[in-house]
Structure formats: C-alpha cells, structure tokens
Amino acid sequence: MAEAIHARYDDSYLSYETSRQMDYREIALKSLTLAGLSLRTDCAEAKPEILEIGCATGALLSSFNENGWRVLGVEVGSGMAEYARKTFGIDVRTGFLEEMHFADGRFDVIMALHLVEHLNDPGGFLAELRRIIKPSGSLYLITPNIDSFQALLRGQAWRSAIRDHLYLFSIKTLSAFLETKGFRVQYSATWGGWPAGMQPQFLKKPLDALAKAFGWGDVMILRAFPIASPVEIRA
C-alpha cells in the first residue's frame, strides 16, 4: 500500500502541483485567515511552530516562514518534498506522519489541507495529530463537503467523487469524528456553489453566496482545538 501511494504522488503529480501552487496558496491563505489563522506572529522570542501535513511544494508553508514562524512540513511525495526544500528553503520531511515520531504536544498549529479524504485510516491520523499538538494548539482541516450543493446536484459526477478520495465528510460527520479523537470544532465554513463553467453562468454569483451563507459550499474548512488527553478519549 505504501508503495502504491508513493507511486501516485510521483513527478507527474509534482508538475501538476507546481503549475497551480500560487493559486492554491492564495485560496488557502484566504480561508485560513477567515478561520482565525494569521500569517503574522507577535512573539518576539519563542516563535510558534506550525506543521503542515501533505504540504506538497511547500508554497503555503513558505508564507508562514517569511512571516517569522518556525515551519515544518511532511510530504509523502519525494519529488515535492525535495522541491520544497530547494525552492523555499524549508524543512520538509519525506514520508508518512506516523513515521516521523514527533514529540508529544510539540506543535502550536497543525494544518492538513485536502488530505484527510485521501487517507486509509483517518481515525489513526487524527489520533496522531491529537498526540503531537499542544494543549493550547489549533488544528485546521480543509476537505470536500459531501453535503454541498454541487454534490447533491451532480451525484456520482461530482468533482470530489473520485477514486483518490477514500472518505468524504460533511461538517456534521467530521466534527463528530474529531470529537471521538479529542478535538472540538470551534469554527467551520464552506465555499463554492455553482460549478465553474456550468451554464447558465449568471447563477454562479448568487448561488456561491447562498452556498457560503448556508454551509452548502463544495469545500469546507474546520478549526478545532484539543479537549481531552489521549487516555480520556473513549475508543
């Protein structure tokens, strides 16, 4: 299984990511800012440490690095990890999170953007995040929203109903799942209503606004914080 995952995120995937990395960074930063994560840090001495799992080319992490954060990335694609190190000069470890053996309660902020839907064991992944995040830390997840207008409209033709996505969540189901792993959601939002390029295009602006207002957007972001020690979490 590990070999298949490494093969999936080979150099062809690197080409795909590098061609879109700045657009992805802009969208991610906008969503993260609205969710309460500021690029700026006012800590003069003990700089906060941020971990991004599935950091791809490192473009997003580079923004935090440039603004005084201590940054660390984990990326299973060796080509993308090497690109991040060479292009942005940031520390990116190649492999799976569970192989890193980070210390308990190490990170102030953890990000996993468009990742949890790809995992074979999202429960084990969240449990590991709970172990390595500080008691005062924040977790940010971005993933497709299965309760979205687009998912309802397009069914099996929905753009996120693809073989790479092993698990799909709604805000309700992902929030409940996080609770079982010792996190509580304190912010959620969605965006993306009418599919880009779909006719009639005059519907896009009003339906995008409605989707955002009512939580029917195609993509969701959740901010969560730890609520219990691992020994207190029921299996």
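1. Which strands does helix H4 lie across, and at about what angle does it run to E2? In this predicted model, helix H4, made up of residues 59–66, lies across E1, E2 and strand E4 (107–113), and its direction is at about 170° to that of E2.

2. The sheet itself is open and contains seven strands, which follow one another in the order E3-E2-E1-E4-E5-E7-E6, with mixed pairing. Strand E3 (92–94) and E6 stand at its edges with a single partner strand each, so that one side of each has no neighbour in the sheet. From one strand to the next, the twist averages 15°.

3. Parallel pairing is found between strand E1 (residues 49–53) and E2, which are joined by five bridges; within this pair, Leu51 stands opposite Leu72 in E2.

4. Strand E5 (residues 133–144) pairs with E7 over six bridges in the antiparallel sense, while strand E6 (residues 183–191) runs antiparallel to E7 and is joined to it by eight bridges. Met220 in E7 is a point where the two pairings come together, being the bridge partner of Thr143 and also of Thr190. Of the eight residues of strand E7 (residues 219–226), seven are buried, and the strand is therefore largely enclosed by the rest of the structure.

5. Glu75, which lies in strand E2 (residues 70–75), deserves a separate look. Glu75 is buried yet has no salt bridge, and the nearest side chain of opposite charge, that of Arg85, is 10.0 Å away. A polar atom of the Glu75 side chain does, however, lie 2.8 Å from the backbone nitrogen of Gly77. When neighbours within four places in sequence are left aside, the residues in contact with Glu75 are Gly54, Cys55, Ala56, Met80, Ala81, Val92, Arg93, Thr94 and Gly95.

6. Two of those contacts, Met80 and Ala81, belong to helix H5 (residues 78–88), where they are buried together with Gly79, Ala84 and Phe88. As a general point, an α-helix has 3.6 residues a turn, so residues three or four places apart point the same way. Helix H5 is followed by Gly89, a residue whose phi is positive, near 65°.

How values were computed
Residues numbered from 1 in each chain as written. Predicted model: local features only at pLDDT ≥ 70, side-chain atom pairs only at ≥ 80, totals over all residues. Heavy atoms only, no water. Helix = DSSP H or I, 4+ residues; strand = E, 2+ residues; numbered from the N terminus. Buried < 20%, exposed > 50% of the residue type's maximum accessible area, 1.4 Å probe, protein only. Lys, Arg positive; Asp, Glu negative; His and termini not counted. Salt bridge = Lys/Arg side-chain N within 4 Å of Asp/Glu carboxyl O. Polar contact = N/O pair within 3.5 Å; in protein donor to acceptor, adjacent residues only side chain to side chain. Contact = heavy atoms within 4.5 Å. Pairing = 2+ DSSP bridges. Axes fitted to C-alpha atoms, helices over the stretch in contact; angles between N-to-C directions.
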